[in-house]
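Student: Hi! Could we go through this one together?
Tutor: Happy to, here it is.
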Amino acid sequence: MKALETNNPNLSIYIHIPFCESRCYYCDFCSSVIKDDLVEKYFYYLNLEIELYSEFLKDKIINTLFIGGGTPSSVEAKYIKAVLEKLKTVSSFSKDCEITLEVNPNSIDKSKVHGYLNSGINRFSIGAQSFNDDILKIIGRIHNEDDIFKAVDTLKSFNIINYSLDLMLALPNQKMKDIEYSIKTIEELNPTHLSYYSLILEDSTLLKKLSDEGKLNFPNEDLDREMYHYVINSLRNLGYFQYEISNFSKKGFISRHNLNYWTLKNYLGLGLSSHSNIDTLRFNNFYNFNNYFKAIENKKYPIEYYENLTVKDRVNEFSILGLRLNSGIDISRANEMFNINFSSYYKDEIEKNLNGGLIYIKDNFIKLTDRGRDLSNIVETDFIRL
């Protein structure tokens, strides 16, 4: 890949921390059970990777930054601080830069949070997944409900209100009463942001294997939809605004970083297996530690794969991501970005889904109806040009 460049100074950054205390049974992300010597080595090379991008980053303004994994809170806070300090030597952070850290309920304490705040972290995403201890064990989580409460209390002891709870639907043995209890607990904890994703059984995961062997009992599709609608309606009554199919926010607390992904803004991924999208260039780093280290030793970007996206590729992605947003597909922005007439380009697809009651058009935005949300995969498929 030739030297990276763009005329757009605004940038989001994702940093991948590939370490966990144990591997969850549903996870197919790039992660490794934590080993102190590997952690030390990894962060050394991560800082070297930042140096490789110093020429690209020198005139950029970082508006959002997300540190994910893995479990970033499984490593000492000093490593997170060092990476952020390194970035600040080669780039500029906007005054209101949103800096998010993913944490597990069982792996944060007051000492770590103090270190995170001193590093500039101003938003936290807590991987709660469920408030049912039995379900947490089934999916391989090593925390329990009490740990979630303790984690929230720890954040609140620092007057931190900008935090999200990540929760899951359609988990093994999950019943409607579990979702009802979750809503009551959310009301009690009062986070400013929530992500509520339905479980997807990924190949090569233990949950997929157990499911294939008939050893797990999952909610059927009808119950999954009933749970989802109950979540939407209940959260609305609690003052949460749904701005994406699986994301809900109190006023002023949307995830700006994720919104940048969904609106096709530029982002640079750093670290093992991270993904990037700069204008029409999409690329991802090596998934293997040794390959990642070797490339950086040779002063090369640790990129395993890249592609130059066509206008068709970009329009496809813009449309699919736009449909996930409650605001919908911005027709005017699409016309400007891709120099097309979006309404003509997708004339047949728009007409089909309008007639099917799956979308509607308001103020030059294409939005999913309530029924369209339940059938979003079908609508998205219609908007993919092969």
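Tutor: A term to start with: buried means under 20% relative accessible area, exposed means over 50%, and partly exposed is in between (1.4 Å probe, protein chains only). This is a predicted model, where local features need pLDDT of at least 70, side-chain atom pairs count only at pLDDT 80 or more, and totals for chains, interfaces and linings use all residues. Residues are numbered from 1 along each chain as its sequence is written, and side-chain values use heavy atoms, with hydrogens and water left out.
Student: Thanks! Is Cys97 buried or exposed?
Tutor: Cys97 has 5% relative accessibility, so Cys97 counts as buried.
Student: And Cys20, buried or exposed?
Tutor: Cys20 counts as buried because its relative accessibility is 10%.
Student: OK, on to helices. At what angle do H7 and H9 pack?
Tutor: H7 (residues 176–189) and H9 (residues 221–237) pack at about 20°, and their axes are 10 Å apart. Helices (H or I, at least four residues) and strands (E, at least two) are DSSP runs, numbered from the N terminus. Axes are lines fitted to C-alpha atoms, for helices over the stretch in contact, with angles from 0 to 180 degrees between N-to-C directions.
Student: What do we call that arrangement?
Tutor: H7 and H9 are therefore roughly parallel to each other; that label covers angles under 35 degrees, with over 145 roughly antiparallel, 65 to 115 roughly perpendicular and the rest oblique.
Student: Which residues of H7 and H9 meet?
Tutor: From H7, Met176, Ile179, Glu180, Ile183 and Ile186 meet Leu223, Glu226, Met227, Tyr230, Val231, Ser234 and Leu235 of H9. Contact here means heavy atoms within 4.5 Å.
Student: What about H6 and H7, what angle do they make?
Tutor: H6 (residues 145–156) packs with H7 at about 20°, their axes 12 Å apart. H6 and H7 are therefore roughly parallel to each other. On the H6 side the contact uses Glu145, Ile148, Phe149, Val152 and Lys156, and on the H7 side Tyr181, Thr185, Glu188 and Leu189.
Student: Last one: where is Ser157?
Tutor: Ser157 lies in the loop between H6 and strand E7 (163–169). With 39% relative accessibility, Ser157 counts as partly exposed. Ser157 and Gly127 are 30 residues apart in sequence, and their C-alpha atoms are 19 Å apart in space.
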